[in-house]
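Reader: Good morning. I am new to this structure and would like to go through its charged contacts with you.

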Amino acid sequence: MILTSKQRAYLRSLATAEPTIMQVGKDGIGENLVKTVSNALEARELIKLSVLDNCAWTPREAAEALAEATDSAVVCTVGKKLVLYRPSKKNPKIELQ
């Protein structure tokens, strides 16, 4: 999924109010994390994760790997946080232009 710069800026503004709901830890990105992230994306469309210090992945690497595994788009990575977006198939809430 490819986002334009305007879409990415809009999603980034929405993400500032979102809480961090998951963490990528020392186990890295496994099957359970991918499944959980995919379910969260279906329910929320926009999610924020944090990468713990003991994780072998950088936030950018983790974001790219999760986006590829969940068929989502990386909105941004700032510090140890990353934001992913995927429109819901059943109940879309966020409307992009």
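Reader: To begin, is lysine 80 buried, partly exposed or exposed?
Author: Lysine 80 is partly exposed, at a relative accessible area of 39%. Buried stands for under 20% relative accessible area, exposed for over 50%, and partly exposed for in between (1.4 Å probe, protein chains only). This is a predicted model, in which local features need pLDDT of at least 70 and side-chain atom pairs count only at pLDDT 80 or more, while totals for chains, interfaces and linings use all residues. Residues are numbered from 1 along each chain as its sequence is written, and side-chain values use heavy atoms, with hydrogens and water left out.

Reader: Which residue meets lysine 80 in a salt bridge?
Author: That residue is aspartate 53, with 3.6 Å from N to O. A salt bridge here has a side-chain nitrogen of Lys or Arg within 4 Å of a carboxyl oxygen of Asp or Glu. Aspartate 53 counts as exposed, at 69% relative accessibility.

Reader: How many salt bridges does the whole structure have?
Author: The search finds four. One of them joins the side chains of glutamate 18 and arginine 44, at 4.0 Å from N to O.

Reader: How exposed is arginine 44?
Author: Its relative accessible area is 39%, so arginine 44 is partly exposed. Glutamate 18 is also partly exposed, at 27% relative accessibility.

Reader: Turning to arginine 60, what is its partner?
Author: Arginine 60 pairs with glutamate 64, and their closest N and O atoms are 3.0 Å apart. Arginine 60 has a relative accessible area of 41%, and glutamate 64 has 42%.
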